[in-house]
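Biologist: I am new to this model and would like a close look at one part of it. Please take me through that part and then through what surrounds it.

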Amino acid sequence: MKLYNTLSKQKEEFVPLEEGKVKMYVCGPTVYNFIHIGNARPMIVFDTVRRYFEYKGYDVNYVSNFTDVDDKIIKRAIEEGVSSDEISKRYIAECKKDMDGMNIKPATKNPMATEEICGMVDMIQTLIDKGYAYEKNGTVYYRTRKFEEYGKLSHKNLDDLRSGERSLLVTGEDEKEDPLDFVLWKPKKEGEPAWESPWSDGRPGWHIECSEMSKKYLGEQIDIHAGGEDLVFPHHENEIAQSEAANGKEFAKYWMHNAFLNIDNRKMSKSLGNFRTVREISQQYDLQILRFFMLSAHYRSPLNFSADLMEASKSGLERIVNAADNLKFLLGNAKSESMTQEEEAAFAKTAEYVQEFERAMDDDFNTADAIASVFDLVKYINTTADADKSKEFLQNLFDLLVKLTDVLGLIVDKKEEMLAEDIEKMIEERQAARKAKDFARADAIRDELLAKGIVLEDTREGVKWKKA
Ligand code: AMP
Ligand code: ZN
């Protein structure tokens, strides 16, 4: 399995730090508004990376943070006359709704910066003790030049950076020893949220948040660190400088970055008025279509959002879902149970599509080609599945289609949502059948519910149900 490592600028064979395990950290959004469709790209891409590792049998520890203390959050809170906490909590909840709609698996852990301040203070102290950081008037800076490998991720050299130093200077920061130094801790301004520290009441810089949260939840060394390409410099470069100086070890083995999403071939920005939130898109399209659209290009290629491409994604996804629906219909009416020898041979042919799919995904997660192999499988299903086929054959095709689309996070087997009162009615009917010793009917009702994703549990207090 190969993936492109921004650090080496090459595709490299993936070798985990610990056999069978992947430790992965993905920089999450700053929560001051609904997430936009650009933010959705890394979410979908790296969720798919995670799913593919899981498909391959790895146990993935997936950590993605919410940046819940930031100038933009504070600004929004002041505008609305509420606390920063209220703003961040509101938009974390909204973000989780959008993620659910895009079928993004919940992370193993979603740390929030404001809950991890103690660890950040400790890490900053370690950097000061080791001579990598210094305090001036309550602000703590990182001594960039002291970290000899600075620039290794973004492939920038310090002297080039220095020639651009004037533009790096921010008012009030002229107390820095060097213009390249960046902030680890800043004192509070009036009305801002603040925490105690040995240097001042204040808050951490953005970069130290990820260094600390990654260390706390995944350890000092991780396999993959990921985010959008705008994070390479300075965010990830600074994270490396902090983590490697503090821990004395290589931080992440592989650095993955998705390219940007543009709209109608232009950068998405508020001033251009082409800014689209995931929530707006969800009013027009099922978010599964947005997911399909995002995966229809390689994650390292820029992707252009347009109405035409969304329509094409809609019909592409429909083609797959229709094949699954057709299989379900045939399954309900199949006359024989087990596969014939011919069917066995016909099913064995699908191995070709699985190989194609894996070859694409093994090659730096080429989801565009992986989707093409799913289409090949769909074509094969449409030409081989018919009313004469056995249940086993049809079920195998169905399961395979679900297995591959599930790696992409695409739901093709939509369970119809049942209303609670309808479920209760069926449970009552099942109880009546049991009383009448009609166990076949009682079992049939249980199976019918199971097919709709409802699991029954017979307990001492009666029958309970839950969603599978
Ligand atoms: P932010 O909230 O700006 O820190 O962004 C959260 C994540 O979304 C980061 O990984 C960014 O790199 C990514 N991101 C932001 N805008 C875009 C975009 N237009 N296309 C792709 N990724 C983006
Ligand atoms: Zn980060």
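Biologist: Over residues 29–39, what percentage of the chain is helix, what percentage is strand, and how far apart are the end C-alpha atoms?

Modeller: Some ground rules come before the answer. This is a predicted model: local features need pLDDT of at least 70, side-chain atom pairs count only at pLDDT 80 or more, and totals for chains, interfaces and linings use all residues. Residues are numbered from 1 along each chain as its sequence is written, chains are lettered from A and ligands numbered from 1 in the order in which they are written, and side-chain values use heavy atoms, with hydrogens and water left out.

Now the stretch itself. Residues 29–39 are 27% helix and 0% strand. Helices (H or I, at least four residues) and strands (E, at least two) are DSSP runs, numbered from the N terminus. An unreviewed UniProt entry annotates residues 29–39 as a short sequence motif, the 'HIGH' region. UniProt positions follow the numbering used here, feature names are shortened, and annotations may be inferred rather than shown by experiment.

What touches this stretch? Thr277 contacts Phe34, Ile35, His36 and Ile37, leaving aside residues up to four places away in sequence. Contact means heavy atoms within 4.5 Å. Thr277 sits in the loop between β12 (266–267) and α9 (278–284). At 10% relative accessibility, Thr277 counts as buried. Buried means under 20% relative accessible area, exposed over 50%, and partly exposed in between (1.4 Å probe, protein chains only). The side chain of Thr277 also reaches the backbone nitrogen of Glu280, at 3.0 Å.

Next, the metal. The zinc ion (ligand 2) has three protein donors: Cys27 (SG), Cys210 (SG) and His235 (NE2), at 2.1 to 2.2 Å. Cys27 is in the loop between β3 (21–26) and α1 (37–55), and Cys210 is in helix α7 (residues 206–218). These two cysteines are 183 residues apart, and the pair links distant parts of the chain. In sequence the donor spacing reads C-x182-C-x24-H. Both Cys27 and Cys210 are buried. Donors are N, O and S atoms within 2.8 Å of the metal (3.2 Å for Na, K and Ca); water is not among the atoms, so sites may look incomplete.

Then the sheet that includes β3. Four strands form this open sheet in the order β4-β3-β9-β10, paired in parallel. β4 (59–64) and β10 (252–258) are at the edges with a single partner strand each, so one side of each has no neighbour in the sheet. On average, neighbouring strands are turned by 20° against each other, direction ignored. α1 packs on the sheet, touching β3, β4, β9 and β10, and its direction makes about 165° with that of β4. α7 packs on the sheet too, touching β3, β4 and β9, with its direction at about 155° to that of β3. Axes are lines fitted to C-alpha atoms, for helices over the stretch in contact, and angles run from 0 to 180 degrees between N-to-C directions.

Look at one strand pair in detail. β9 (residues 222–228) and β10 pair in the parallel sense over six bridges. Two strands pair if DSSP finds at least two bridges between them. Ile222 stands opposite Ala252, and Ala226 stands opposite Met256. β10 is mostly covered, with six of its seven residues buried.

A second open sheet has antiparallel pairing, in the order β5-β6-β7-β8. Its edges are β5 (133–136) and β8 (202–204); each has a single partner strand, so one side is left without a neighbour in the sheet. The twist from one strand to the next averages 20°. Three bridges join β7 (residues 182–187) to β8. Pro187 has Gly202 in β8 as its bridge partner.

Finally, the start of the chain. β1 (residues 2–5) and β2 (residues 10–13) pair in the antiparallel sense over four bridges. The two strands form a hairpin with four residues between them, and Lys9 in the turn has a positive phi of about 55°. Tyr4 stands opposite Lys11 in β2.

Methods:
A polar contact is a pair of N or O atoms within 3.5 Å; within protein, one must be able to donate a hydrogen and the other to accept it, and residues adjacent in sequence count only if both atoms are side-chain atoms.
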